[in-house]
Amino acid sequence: MKRNGLVLSVMVVGIALLLWAGWHNLRERRKAMQEARDSRVVLMPAKPGQTPDAETPDSEMTGPHMLGKVAPSFTLATLDGKKVSLSDYKGRPVLVNFWGTWCAPCKVEMPWFEEFRKQYAAQGFEILGLTDDADAGNEAIAKVVRKTGVTYPILLTDGKVQKAYGGLDYLPVSFYVDKNGLVVDETAGLGSKDEIEAHIKKTISSGSSTAAGGQ
Amino acid sequence: MLRAALSGAVVAFVGVAALTAQQVGNLDAPTPKPKSYVIYAAEPQEVTVGKRSTLELHFRVVDGFHVNSHTPKSELLIPTQLALQPAAGVKAEPVAYPAGTSYSFSFDPSEKLDVYTGAFTVKLPVVAEAGTHTVEGTLRYQACDHAACYPPKSLPIQVIFTAK
């Protein structure tokens, strides 16, 4: 009986050790994964204009990571050759939308953007449409602009601006920049019209109207 | 009592081991990141020497994605297109693409696209001299999922067949 008790005690201790080892192993792995995630974030371009060394397949489908950061500044040309900078809209809520002529969902949301631009014009809201495939040519880009009926500035990207905004692996991608020049929302892929309006409202209400901002 | 305790210990050990394995498995499971949205299934084929024969090129669009068909509804969309290099001893005719299927994004059902999803076959009519031939080519396509579109890609392929 005494021997049985001893064996039982040894087993209880053994099971307890196993449980502890499993839990400890799990905790260590979670910690390692968190560190890996953190180091991945470090690899993202942290400053405007800073470019990554090379595009890796692993970066696919990760989406933008600009939330809470100052929207990288840029100066780009319109189809007419006019230069437009993000800083021209300092103190105003701005939607920076990356799109492409080959991107069907982009063309679905562009007429919605135009509608919201008019609706929220009194609050200073503006949209900048950055064409990701500037090499498609002005004629093709102008054709999409006409078809979608947008009148907001359409800008030709230079390759650097995409990298500054975290590298774009797919389209559409939108950044909602508040009056302070901070990215308060970012979306990847087509959302519903209601979701887009909610992002716009949030952007308009965010930040102080008198703040200088980082644009 | 000892036997009962032993059985309990074994059950507990198996349970802990299974739980740990499951947790480790979940933690290690990689996020699916397709590098290519279309896969080409290269299959050796046979044709009759000097006789017009049709080779079948089997492609598959990765689940959850679609690519524009060869004849998308808009000229601004990038069609799926196969470009083939000339090969000695092979007279190739223009390829025949399958018809696409209608597709629209859930947020705008009125906009109809023409796409390939799942498996699709491109047919290549050839007249070949005796021997084994390799025709090199590139499939250019542009893929989207239910909400986003990915930049155009080129998939290199090799059509290997024997004429007897």
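Author: Start with a strand pair. This is a predicted model. In chain B, strand β3 (residues 53-61) and strand β9 (residues 119-128) run antiparallel, joined by eight bridges.

Reader: Which residue stands opposite B:Leu55 in β9(B)?

Author: B:Leu124 does.

Reader: In what order do the strands of the open sheet with β3 and β9 of chain B come?

Author: Read across the sheet, strand by strand. The order is β1-β3-β9-β6 in chain B, four strands in an open sheet with antiparallel pairing. The edge strands are β1 (38-41) and β6 (90-92) of chain B, each pairing on one side only. From one strand to the next, the twist averages 40 degrees.

Reader: Which strands form the other four-strand open sheet, β7 to β11 of chain B?

Author: Its order is β7-β8-β4-β11 in chain B, and the pairing is antiparallel. At the edges stand β7 (101-103) and β11 (143-144) of chain B; each has a single partner strand, so one side of each lacks a neighbour in the sheet. Look at one edge pairing. Strand β4 (residues 66-68) of chain B runs antiparallel to β11(B), with two bridges between them. B:His66 has B:Cys144 as its bridge partner in β11(B).

Reader: Parallel or antiparallel: how does β12 of chain B run against β2 of chain B?

Author: Check the sense of each pair separately. Strand β2 (residues 45-47) of chain B and strand β12 (residues 153-163) of chain B run parallel, joined by three bridges. There, B:Glu46 stands opposite B:Thr162. Now take strand β10 (residues 131-141) of chain B. Its pairing with β12(B) is antiparallel, over eleven bridges. B:Tyr141 and B:Lys153 are bridge partners in that pair.

Reader: Now the core. Which residues have the most contacts inside the largest nonpolar core?

Author: Look for residues from both chains. The largest nonpolar core has 78 residues, and those with the most contacts inside it include A:Val96, A:Phe175, B:Val67 and B:Cys149. Helix α2 (residues 104-119) of chain A gives the most to this core, with seven residues. A:Leu171 is also among the residues with the most contacts there.

Reader: What kind of peptide bond joins A:Leu171 and A:Pro172?

Author: Begin with the general rule. Most peptide bonds are trans. The bond between A:Leu171 and A:Pro172 is cis, with omega about -5 degrees. A:Pro172 sits in the loop between α4 (160-164) and β6 (173-177) of chain A.

Technical notes. Residues are numbered from 1 along each chain as its sequence is written. Chains are lettered from A and ligands numbered from 1 in the order in which they are written. This is a predicted model: local features need pLDDT of at least 70, side-chain atom pairs count only at pLDDT 80 or more; totals for chains, interfaces and linings use all residues. A nonpolar core is a set of buried Ala, Val, Leu, Ile, Met, Phe, Trp, Tyr and Cys residues joined through C-beta atoms within 7 Å. A residue is buried if 20 or more other C-beta atoms lie within 10 Å of its own, exposed if 12 or fewer, and partly exposed in between; C-beta atoms are placed from the backbone. Two strands pair if DSSP finds at least two bridges between them. Axes are lines fitted to C-alpha atoms, for helices over the stretch in contact, and angles run from 0 to 180 degrees between N-to-C directions.
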